[in-house]
Amino acid sequence: MKPLAEYKEEIHSCSKCGLCQSVCPVYKITGNDCTVSRGQFIMLKGLIKGDLKMSPKINRYLDLCLKCDACSKFCPSAIDVVDIIASAKAEYFKTSKFEKLISFIQKTFIFGFGIKLCGIFSKKIKSKKFDRKVIYFGGCSGKIKGNKAVVKILNSCGVEVITPNFECCGIPFYVRGDKMSYENYKKSFEKILQKYDIKEVVTTCASCEKTLKGYKIEGLEIKNIFEYIREKELKPALKKKFKVTFHKPCNIDNFKDIEWILKHTGNLEYIEMSNFDKCCGLNGVTKISEYKIMSEIFKSKHNDIVNSGAKIVLTSCLGCEAALGLFSFGKYKVMDFAEFLSRHAKFR
Ligand code: SF4
Ligand code: SF4
């Protein structure tokens, strides 16, 4: 994570065309330029120049950004807004006792004790042996659910799975601007990795995948489990008929592979819901003070799922799974796609 001042060039390259406004889910509700990258960059430019001082008000706008990256993908100047906002958050983090307290609570109780408690009954199974070996980065998801789905799927692809006990990838701390915690999670990942002579890491979670790729470790390949299924052209067949829809996580890199699997899975009726690629709003879950804005985002995703007519919504990010599940109100079931396949499919 670079210091904010080092993003000066990128921030300057914003032409103020306003195209980001057309895709930003928060701006669509607020209509306030300070809640979208264009306005955020004007604020941040003021901070770098010294015309503005970091304040809780600026932090509020930084926090309102869902870090969904929709604007970056659309921006003609290709500015990476998530990295810039995380860097600005890091400036605020240094000065805020409250942010430090929240980070401590997250680290100790949610991603520490809480995840361990949730995973108390999770099981690790033994992988079959094959010449090709990969390391499974389970992160929080692996701690809660175990490794059964990954081992079953990858063994069907002729790949052996090694399952070390990794910590969280650090993404919640990255977006909060807690640089030190994020770096510590990265170091812990590197330390565990050193014990193995394997340069291929697999994950099932889009957000973990993006974070691990962001570590930029030379010679290390980070892959999503769906890439292996696609590579082998394994066509899963469900044991009975299912009608599902899919929520595309913002952080996903390989949706084409997922689409291919959805299309080639026997007994699966896939319905593309409206706005399947729009953010679930996870980053707004804890923002109780912004409930009005955030509830609009959750409501719209909930309605899209209900209107699809599917009773199962699949996804491939632990955060999306949690956010969608929280606002399902018993109307549909939310499942991780890899879990769903391992539970209901045979691989041909
Ligand atoms: S789309 Fe990019 S260049 Fe255009 S206003 Fe938004 S951030 Fe600036
Ligand atoms: S990352 Fe998403 S929420 Fe944040 S400014 Fe861009 S489009 Fe809006």
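Student: How many nonpolar residues does the shell around ligand 2 have?
Tutor: In this predicted model, the residues around ligand 2 number 15, and α2 (25–30), α5 (70–74) and α6 (81–95) each supply at least two residues of that shell. Sorted by class, the shell around ligand 2 has one polar and two charged residues, and its nonpolar residues number twelve.

Student: Which residues come nearest to ligand 2?
Tutor: The helices that each supply at least two residues of the shell around ligand 2 include α5 (70–74). Of the 15 residues around ligand 2, those that come nearest are Cys24, Cys65, Cys68, Ala70 and Cys71.

Student: Which residues are the closest to ligand 1?
Tutor: The shell around ligand 1 has eight nonpolar, four polar and two charged residues. Of the 14 residues that surround ligand 1, the closest are Cys14, Cys17, Cys20, Arg38 and Cys75.

Student: Which helix gives the most to the side of domain 1 that touches domain 3?
Tutor: According to the domain assignment, the chain is divided into domain 1 (4–95), domain 2 (133–229) and domain 3 (235–347), and the centres of domain 1 and domain 3, taken over C-alpha atoms, are separated by 28 Å. The contact takes eleven residues from domain 1 and eleven residues from domain 3, and on the side of domain 1 both α2 and α4 (56–64) supply at least two residues each. With four residues, the helix that gives the most to this side of domain 1 is α2.

Student: How many charged residues are there on the side of domain 1 that touches domain 3?
Tutor: Domain 1 puts eleven residues into its contact with domain 3. On this side of domain 1, seven residues are nonpolar and one is polar, while the charged residues number three.

Technical notes. Residues are numbered from 1 along each chain as its sequence is written. Chains are lettered from A and ligands numbered from 1 in the order in which they are written. This is a predicted model: local features need pLDDT of at least 70, side-chain atom pairs count only at pLDDT 80 or more; totals for chains, interfaces and linings use all residues. A residue is near a molecule or strand if its C-beta atom, placed from the backbone, lies within 6 Å of it. Ala, Val, Leu, Ile, Met, Phe, Trp, Tyr, Cys and Pro count as nonpolar, Asp, Glu, Lys and Arg as charged, and the others, Gly among them, as polar. Domain bounds come from an automatic or database domain assignment. Two residues are in contact if their C-beta atoms, placed from the backbone, lie within 7 Å.
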